[in-house]
Amino acid sequence: MKQFLKNRLGIILIFIGVLVGYVLLTDVFHVLNPFLFHSITTVPPLFAEYFGQLLEGLKSSLFLLVIAYALALVLGIAFGAFIGSKKLVRKNLTPYINAFSAVPVTLLTPYAINIFPSFQIASIFIIFLGCFWIILGSTITAVMTIDRRYLENAATLEIPSVQRLFKVVLPAA
C-alpha cells in the first residue's frame, strides 16, 4: 500500500489540488457561474435522486454503442481484408478511403439527423462511422503487412479462399 501511494503521489496531489481549486472558485470566491459550475455539495444528492435516469441513459447509450461497434467491426474487417489483399482494389480505393476518413464525424451529425428517419438510427450511424474508418484502415494495413510466406504456404496447400481468410489472413493480421 505504501509503494502504491508513493508511485501515485503526484496523481493524488494533482487531484486534490483540482478539487480544492474547484471548491474555492465555486463555493468560496463565487468566481465561476453557478449555472454551469455546480457546487460539489449539490451534486451527490442530485446524483442519488436521478440515479435511475442515469442508468436508463447508460443502458440506451450502451445499446447504441454495441450495435454500431459490431457493425463497424464486421464491415471494417470484411472490407479491410478484401481491400488489403487485392492490390488493384487497394490502389483505386485508398484515395477515397483517406478522403472520407478525414471528415470529422461530428461534422456529419446534422446531416445524419436530417437524413435518417429516427434519432436512434442517426446515432448508430455516427458511432459506426467513428469506429469504421479506424478499423478499416488498421485491417488494410495489417493484411498488407502479412508475411508472404504464410500466403504462399496456403496456396501450396490449396486452401480454399474462404478458409484461407479465416485460418491464415485474419489470424496473421
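This is a short tour of the structure above, one selection at a time.

The model is predicted, so local features are given only at pLDDT of at least 70 and side-chain atom pairs only at pLDDT 80 or more, while totals for chains, interfaces and linings use all residues. Residues are numbered from 1 along each chain as its sequence is written, and side-chain values use heavy atoms, with hydrogens and water left out.

**Stop 1**

Select residues 9–28, which are helix H2. Helices here are DSSP runs of H or I with at least four residues, numbered from the N terminus. The 20 residues of H2 should span 28 Å at 1.5 Å a residue, and the end C-alpha atoms are 27 Å apart, which agrees. The expected span is 1.5 Å times one less than the number of residues.

Next, select His-30, in the loop between H2 and helix H3 (43–49). His-30 has a positive phi of about 55 degrees, in a residue other than glycine. Is His-30 buried or exposed? At 59% relative accessibility, His-30 counts as exposed. Exposed means over 50% relative accessible area, buried under 20%, and partly exposed in between, with a 1.4 Å probe and protein chains only.

**Stop 2: helix H4**

Select residues 51–85 for H4. H4 has 35 residues and reaches 49 Å from its first C-alpha to its last, close to the 51 Å expected at 1.5 Å a residue. Now colour the buried residues of H4: Leu-64, Ala-68, Ala-72, Gly-76, Gly-80, Ala-81, Ile-83 and Gly-84. An α-helix has 3.6 residues a turn, so residues three or four places apart point the same way. Show H5, helix H7 (119–144) and H9 as well, since the buried residues of H4 pack against them; contact means heavy atoms within 4.5 Å.

**Stop 3: the largest pocket**

Which residues are the closest to the centre of the largest pocket? Select Ala-81, Ser-85, Lys-86, Arg-164 and Val-169, which are the closest of the 16 lining residues. The volume is about 320 Å³. On a 1 Å grid over the protein atoms alone, a pocket is an open set of points where a 1.4 Å probe fits, with protein on both sides within 12 Å along at least five of seven lines; lining residues have an atom within 4 Å of a point.

H4, helix H5 (87–101), helix H8 (148–156) and helix H9 (161–172) each supply at least two residues of the lining. The largest share, five residues, comes from H4. By class, the lining has eight nonpolar, three polar and five charged residues.

**Stop 4: the loop between H8 and H9**

Select Glu-158, which sits in the loop between H8 and H9. Glu-158 has a positive phi of about 55 degrees although it is not a glycine. Glu-158 is exposed, with a relative accessible area of 69%.

**Stop 5: aromatic pairs**

Rings of Phe, Tyr and Trp (its six-membered ring) pair if their centres lie within 6.5 Å; planes over 60 degrees apart count as edge-to-face, under 30 as stacked and the rest as tilted. By this rule there are four aromatic pairs. One of them is Phe-47 with Phe-51, edge-to-face at 5.7 Å centre to centre and 65 degrees between the planes. Phe-47 is partly exposed at 46%, and Phe-51 is partly exposed at 40%.

Then select Phe-132 and Trp-133, an edge-to-face pair at 5.1 Å centre to centre and 65 degrees between the planes. Phe-132 is buried at 8%, whereas Trp-133 is partly exposed at 21%.

Definitions and conventions:
Points joined across faces, edges and corners; volume = space filled by probe spheres on them. Nonpolar A, V, L, I, M, F, W, Y, C, P; charged D, E, K, R; others polar.
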